[in-house]
Amino acid sequence: MIKDQIADQLVYSTVRIVCRDKTTLSRGTGFFMRQHFPDKTNINAIVTNNHVVDGYDYAEITLAGIDENGMPDDKNHVTITINDLQKRRISHPDKNIDVCLLFVNDKIEEYEKAGKSVYYKAVGTEMTLLPTDYDSLTSIEDVIMIGYPNGIMDTYNNKPVVRKGITATSLKLDYNGTPDFMVDIACFYGSSGSPVFLRKEGLAKETTDKGLTIGLSPSYSLLGIIHSMSIAKASGEIVVKEIPTSMKPIVETTIPLNLGQVTKAKKILEIFDLVKARHIK
């Protein structure tokens, strides 16, 4: 049987971001992403929405530990405290783009020096689609979203929740003139910052001691990061709003439409390029 090894790795790329102040607890999603450059340097950061971390200076992320064989220890968790959150954030220069990078490498290194090694995977920027790749896509494609809807997760094993849906608008087009597209997938409090991946099936070959096996093997491409959802008010009015990061009483009756708005991955890459340019200078 051909194993979907990429899927196993993707769940280790996401983290639940828990922000706190004296009166508020906020939960959202982020994911590690890495960009390699020709000079052999690389930039590694957590990608999330600005509205997940706005107004907070303190946050926590929890990663898997590592066992004696260098493999993830899903029962041993390491919670990393980030005290200077805003100093670690670089946002997209366009204020209308709700995406930012959080740089936490030094915090992770501090914990590792203290003997608390962690296991995580970073989505490579090469997992994004090239402009020519869109020619092979249709208006309806299968997608998955990985995150922590309603704060739900496998706490015992420190694992996120994976949801499946389809594109609701064409990936080839900019939805309503924005660098976005829509997905038909359930979005709830805590889903903000979740990565959305294209999932396509293809033939694969595997040689074992029993011979050659041919089967289906999925491939994944990062499409973007979810930031908003569409809801219907009791009056019938349809509105698009940021996915909330905290559970607060809502007086007005609303109905989720299971439609999420996703910023395309090219906007994430623009921040990485900005960071690289600043580093060179």
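Is Y12 buried or exposed, given its relative accessibility of 15%? In this predicted model, Y12 counts as buried, because its relative accessibility of 15% falls under the 20% cut-off.

## Two aromatic pairs

A search of the whole structure finds two aromatic pairs. One of them joins Y12 and Y119 in an edge-to-face arrangement, with 5.1 Å from centre to centre and 80° between the planes. Y12 lies in the loop between helix 1 (5-10) and strand 1, while Y119 lies in strand 8 (residues 118-119), so this pair ties together parts that are 107 residues apart in sequence. Y119, at 16% relative accessibility, also counts as buried.

The rings of F32 and Y120 have centres 4.1 Å apart and planes at 25°, and the pair is therefore stacked. Because F32 belongs to strand 2 (residues 25-36) and Y120 to the loop between strand 8 and strand 9 (123-124), the pair ties together parts that are 88 residues apart in sequence. F32 counts as buried, with a relative accessibility of 0%.

## The surroundings of C19

C19 is placed in strand 1 (residues 14-20), and at 0% relative accessibility it counts as buried. Beyond the residues up to four places away in sequence, C19 touches several others, among them T24, L25, V52, Y56 and L85. V53 is also one of the residues that C19 touches; C19 and V53 are 34 residues apart in sequence, and their C-alpha atoms are 6.9 Å apart in space.

## S192 and its polar contact

S192 is found in the loop between strand 12 (180-184) and strand 13 (195-208), where it counts as buried at 0% relative accessibility. The side chain of S192 is joined to that of H51 by a polar contact of 2.8 Å.

Key:
Residues are numbered from 1 along each chain as its sequence is written. This is a predicted model: local features need pLDDT of at least 70, side-chain atom pairs count only at pLDDT 80 or more; totals for chains, interfaces and linings use all residues. Side-chain values use heavy atoms; hydrogens and water are left out. Helices (H or I, at least four residues) and strands (E, at least two) are DSSP runs, numbered from the N terminus. Buried means under 20% relative accessible area, exposed over 50%, partly exposed in between (1.4 Å probe, protein chains only). A polar contact is a pair of N or O atoms within 3.5 Å; within protein, one must be able to donate a hydrogen and the other to accept it, and residues adjacent in sequence count only if both atoms are side-chain atoms. Contact means heavy atoms within 4.5 Å. Rings of Phe, Tyr and Trp (its six-membered ring) pair if their centres lie within 6.5 Å; planes under 30 degrees apart count as stacked, over 60 as edge-to-face and the rest as tilted.
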